[in-house]
Amino acid sequence: MGKMPYFWLLSLGYLSWKYAYVAPTALEAALLALTIVGFIPLYCASFWARGWQVGACMVAGCAIGLAWMRWNVGAASFFIFACAMAAGILDLRRALLAILGVVLLAALASLQIEQKQMRFLFLMPILTVSLPVGLGAVMDARLRRSRQALVRKQEEVEHMATIAERERISRDLHDLLGHSLSLIALKAELARKLVHRDADACAREIADIEASARQALGEVRAAVSGYRESGLAHALASARASLAAGGVALDEQVDAQATRALAPATEHVLALALREAVTNVVRHAGARRCRLSIGMEGGSVVLRVADDGAHLRDGAELRPGNGLAGMQERVASIGGKLALRANAGLALELRVPAGARA
């Protein structure tokens, strides 16, 4: 809170006005010094007080003022400090009532001062300073709490954004590495079979493995950086290569007009969905044939991927994993719909809104 709270302690100098005209006795000076030494910790504690502790600090401040008011009109400063301590009360109405209570208590207690001039000198600072100081302290405390709440909300938003970005990267890495590593594994298996039969074909497969590994490395680096854009044309070419390496025949129907109608963000989601679907066909379906189509239906671009795999004949066997869960989240984020059916194989239908390219 800076140095301002310590600056306000200079208000205790009001206690010394009396001694400009009347010399204090040794006992009075000692008691005054002890009072100030005891009040300073109470004043500092009021900034950390919560709940009933705030009221206790205010009562203690008023008690010190009541103890000194008959011998030193500068005791009014303790009532002013008590009003400022009301800043620790969270409810505005209760804080205002506490300030008014302190002022009323001081006014009633001043009746014990017999000399009218001394009574006036005691009440004047309380009536003119207590309310502005108390209200100012309360409003400053409310503003400070509002700023702290805003900072906490900003920190929470930043934390949630960090979590969302980590989840995005984890989904993208799963899709990228799952597809690329499946292709590399298939080609490595094929190269092992060809090593003793056809050295030239084996060399070509090894070259493809190297190229796929380098491409996967580049995509992973770009995904971590958050700047990767996965084009649909590239995903289609990669799907053809993966299915061919897995010995799966492909029936492809792609409407070029539909692919041109996609916005970049939508194309990115569609390309990742195609990657994941083809990876599932190659790795899990045990399929011999895959049907792939992309076309326009109404105002949407529809992607369909279906296989005749023998490993998934019943819809009850369908258990969406991390890849399908990530696909559903991405599709939902752009207002699309994803449908999965398991009958004679697995059929995926993805509808995304078409939009003009940027």
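Buried here means under 20% relative accessible area. Keep that cut-off in mind as we walk through this predicted model.

Q: Is cysteine 57 buried or exposed, and at what relative accessibility?
A: A residue counts as buried when its relative accessible area is under 20%. Cysteine 57 falls under that cut-off, so the label for cysteine 57 is buried, at 8%.

Q: Which cysteine sulfur is closest to the sulfur of cysteine 62, and how far away is it?
A: A disulfide is a covalent bond between the sulfur atoms of two cysteines. A pair needs its sulfur atoms within 2.5 Å to count. The closest partner for cysteine 62 is too far for a bond, because its sulfur, in cysteine 83, lies at 7.1 Å.

Q: How many disulfides does the count come to?
A: The rule asks for two cysteine sulfur atoms within 2.5 Å. Applied to this model, the rule gives a count of 0 disulfides.

Q: Which residues touch the most other members of the largest nonpolar core?
A: In soluble globular proteins, nonpolar side chains tend to be buried together. Here the largest nonpolar core has 39 residues, and the two that touch the most other members are Phe39 and Phe122.

Q: Which element gives the most residues to this core?
A: Elements that give two or more residues to the core are α2 (26-46), α3 (52-68), α4 (76-85), α5 (92-109) and α6 (116-194). With 7 residues, the one that gives the most is α4.

Q: Which residues is phenylalanine 39 in contact with, leaving aside neighbours within four places in sequence?
A: Contact calls for heavy atoms within 4.5 Å. With those neighbours set aside, the partners of phenylalanine 39 are Leu12, Ile64, Phe78, Phe81 and Met85.

Q: How many residues make up the second, separate core?
A: Members of this second core include Ala239, Ala271, Val281 and Leu303. The size of this separate core is 33 residues.

Q: Is histidine 174 buried or partly exposed?
A: Histidine 174 sits in helix α6. The buried label needs a value under 20%, and the exposed label one over 50%. Histidine 174 has a relative accessible area of 33%, so the label is partly exposed.

Q: What distance separates the C-alpha atoms of histidine 174 and glutamate 276?
A: Along the chain, histidine 174 and glutamate 276 are 102 residues apart.

Q: What share of the residues of the protein chain counts as buried?
A: The chain has 11 helices and 5 strands. Of its 358 residues, the share that counts as buried is 40%.

Methods. Residues numbered from 1 in each chain as written. Predicted model: local features only at pLDDT ≥ 70, side-chain atom pairs only at ≥ 80, totals over all residues. Heavy atoms only, no water. Helix = DSSP H or I, 4+ residues; strand = E, 2+ residues; numbered from the N terminus. Buried < 20%, exposed > 50% of the residue type's maximum accessible area, 1.4 Å probe, protein only. Core = buried A, V, L, I, M, F, W, Y, C linked by side-chain atoms within 4.5 Å.
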